[in-house]
Amino acid sequence: MKRIVYILSIVCLLMMTACDVETSDNGDLDGFWHLQRIESLTNSTTSESIILNQRVFWSVQSSLVQLWNLQDQPIICQFTYEKDVLTLINPCLFDRSLGDTPITDVEKLKPYGMNEIPAAFHVVSLNSESMILESPVHRLYFNKH
């Protein structure tokens with residue numbers, strides 16, 4: 001009986017040490033964000049109606065952001081988040097079967113509020129329900145789902 005308990009203890013111990021739990025230090029940034037509107041900081045235009053019709057989303061997890069809407073192929077980016085600055089880098093068309101294709105044309109990123117590669121945003125506000133990001137050109141408003 002002691003031998004069985006000893007063997008089961010060793011097996012359980014080995015099983016617990018064989019797995020790593022991946023965690024994220026992103027806080028409220030992690031999650032599924034719906035882009036509500038984009039305001040221009042250079043003029044007085046707002047693209048709220050266009051954004052709502054396209055249903056633009058950002059999905060943040062670990063060190064990746066997936067950008068997508070209902071019409072286009074998803075885009076995936078790596079990101080850094082330090083001292084209230086969110087920087088999206090290395091955008092690629094998300095296609096696991098053919099391989100992710102790097103994006104070099106910033107026009108494909110404009111519907112998501114990005115005007116340059118890499119795209120840096122100041123995090124104006126962030127909580128468990130909403131987020132406001134600001135670039136030199138735009139202010140982006142998000143609700144969390």
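# A walk through the strands

Let's start at a turn: S4 and S5 form a hairpin with two residues between them, and Lys83 in that turn has a positive phi of about 50 degrees. What you're looking at is a predicted model, where local features need pLDDT of at least 70, side-chain atom pairs count only at pLDDT 80 or more, and totals for chains, interfaces and linings use all residues. Residues are numbered from 1 along each chain as its sequence is written, and side-chain values use heavy atoms, with hydrogens and water left out.

Now for the overall plan. The protein has two helices and nine strands. Both kinds of element are DSSP runs numbered from the N terminus, helices being H or I with at least four residues and strands E with at least two. Going along the sequence, the pattern reads α-β-α-β-β-β-β-β-β-β-β.

S4 and S5 run antiparallel and are joined by seven bridges; two strands count as paired if DSSP finds at least two bridges between them. Along this pairing, Ile76 sits opposite Cys92 in S5. S5 has other partners too. With strand S6 (residues 101-102) it pairs in the antiparallel sense over two bridges, and there Leu93 stands opposite Thr101 in S6. With S7, strand S5 pairs over four bridges, again in the antiparallel sense. Here Leu86 faces Phe121 in S7, while Leu88 has Ala119 in S7 as its bridge partner.

One spot to look for is Ser125, whose bridge partner in S8 is Ile132.

So what do the side chains do? In soluble globular proteins, nonpolar side chains tend to be buried together. In this model, the largest nonpolar core has 26 residues, and those with the most contacts inside it are Trp58, Leu88 and Leu133. Strands that give two or more residues to this core include S1 (31-40), S2 (57-61), S5 (85-93) and S9 (138-144). A nonpolar core here is a set of buried Ala, Val, Leu, Ile, Met, Phe, Trp, Tyr and Cys residues joined through side-chain atoms within 4.5 Å. Buried means under 20% relative accessible area, exposed means over 50%, and partly exposed is in between (1.4 Å probe, protein chains only). Of the 145 residues in the protein, 31% are buried.

Leaving aside neighbours within four places in sequence, Met131 is in contact with several residues, among them Leu29, Trp33, Ser125 and Phe142; contact means heavy atoms within 4.5 Å. The C-alpha atoms of Met131 and Phe142 are separated by 5.1 Å, although the two residues are eleven apart along the chain.

A search of the whole structure turns up six aromatic pairs. The rings of Phe32 and Phe57 have centres 5.0 Å apart and planes at 15 degrees, so this pair is stacked. Because Phe32 lies in strand S1 and Phe57 in strand S2, the pair ties together parts that are 25 residues apart in sequence. Phe32 is partly exposed at 29% relative accessible area, whereas Phe57 is buried at 9%. As for the rules, rings of Phe, Tyr and Trp (its six-membered ring) pair if their centres lie within 6.5 Å, and planes under 30 degrees apart count as stacked, over 60 as edge-to-face and the rest as tilted. Trp33, Trp58, Phe121 and Phe142 form one aromatic cluster.

Last stop: the cysteines. How many disulfides does a search of the whole structure find? It finds zero. A disulfide is taken as a pair of cysteine sulfur atoms within 2.5 Å. The sulfur of Cys77 has its closest cysteine sulfur in Cys92, 7.7 Å away, which is too far for a bond. Cys77 counts as buried at 1% relative accessibility, and Cys92 counts as buried at 15%.
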